[in-house]
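Please read them with the structure open.

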Amino acid sequence: MAFNFKEKAAEIRRTKRTLPIQVGNIAKNHFLDSFRDQGFTDSSLSPWAARKTRNKSDRRNRANRAILVDSGDLRRSIRVGTARFERIEVGSYGIRYAGYHNKGEGRQPIRKFVGSSRKMNTEIRNKIRKQIIKVLK
């Protein structure tokens, strides 16, 4: 079987376009998992601080609601902003208070949901490695 350089070059160009989108989606899904897991996973899960309730009515009505989820706007704001070979950006877009929760600013406890993660980086490296092997076969 002969090596078809033109075919491989075309496959590399396709991968250069599609792989950043796939990597961005891996990161987005990792960050969304934080809301389901009620904590952030770096190498292991770090649970978020429990919610403080102000009165009995609040405790009764919101006892089963997930932390950082009231309207769902914060969770829905997580998206892939840029997905190019040169740069991939994933984060919370359009929600002013996202940083207060993620960094623990003001009186908010730190409830990180976006950031660097060893588990996510391993998953991304594996995806890139598999894609490179697939292209070069």
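1. R111 has a relative accessible area of 7% and is therefore buried (buried is under 20% relative accessible area, exposed over 50%, partly exposed in between, with a 1.4 Å probe and protein chains only). The residue sits in the loop between helix 4 (98-103) and helix 5 (118-136). Helices (H or I, at least four residues) and strands (E, at least two) are DSSP runs, numbered from the N terminus.

2. On the source of the coordinates: this is a predicted model, in which local features need pLDDT of at least 70 and side-chain atom pairs count only at pLDDT 80 or more, while totals for chains, interfaces and linings use all residues. Residues are numbered from 1 along each chain as its sequence is written, and side-chain values use heavy atoms, with hydrogens and water left out.

3. What does R111 touch? Not counting residues up to four places away in sequence, its contacts are W48, A49, A50, R51, I67, L68, H101 and N102 (contact means heavy atoms within 4.5 Å). A polar atom of the R111 side chain lies 3.0 Å from the backbone oxygen of A50. A polar contact is a pair of N or O atoms within 3.5 Å; within protein, one must be able to donate a hydrogen and the other to accept it, and residues adjacent in sequence count only if both atoms are side-chain atoms.

4. W48, one of the residues touched by R111, is in the loop between strand 2 (45-47) and helix 2. W48 has a relative accessible area of 8%, so it is buried. With residues up to four places away in sequence not counted, W48 touches S34, F35, Q38, G39, F40, I67, L68, R111, K112 and F113. A polar atom of the W48 side chain is 2.8 Å from the backbone oxygen of K112.

5. Apart from neighbours within four places in sequence, S34 is in contact with G39, F40, W48 and F113.

6. Which backbone angles deserve a look? Q38 has a positive phi of about 60 degrees although it is not a glycine, and L68 has one of about 65 degrees, also without being a glycine. Most residues other than glycine have a negative phi. Q38 lies in the loop between helix 1 (5-37) and strand 1 (39-41). L68 lies in the loop between helix 2 (56-62) and helix 3 (73-76), and at 15% relative accessibility L68 counts as buried.

7. K127 is in helix 5. Its relative accessibility is 28%, so K127 counts as partly exposed. Leaving aside neighbours within four places in sequence, K127 is in contact with L19, Q22 and I26. K127 and L19 are 108 residues apart in sequence, and their C-alpha atoms are 8.6 Å apart in space.

8. T82 is in strand 3 (residues 78-83) and, with a relative accessible area of 15%, is buried. The C-alpha atoms of T82 and G24, 58 residues apart along the chain, are separated by 8.1 Å.

9. As for the whole chain, there are five helices and four strands, in the order α-β-β-α-α-β-β-α-α along the sequence. The radius of gyration is 20 Å, well over the 14 Å that the globule rule gives for 137 residues, so the chain is more spread out than a compact globule. The radius is taken over C-alpha atoms, and the rule is 2.2 Å times the number of residues to the power 0.38. Along the principal axes, the C-alpha atoms fill a box of roughly 75 × 30 × 25 Å.

10. Buried residues make up 31% of the 137 residues in the chain. Of the contacts with a separation of 6 or more, 56% are between residues 24 or more positions apart.
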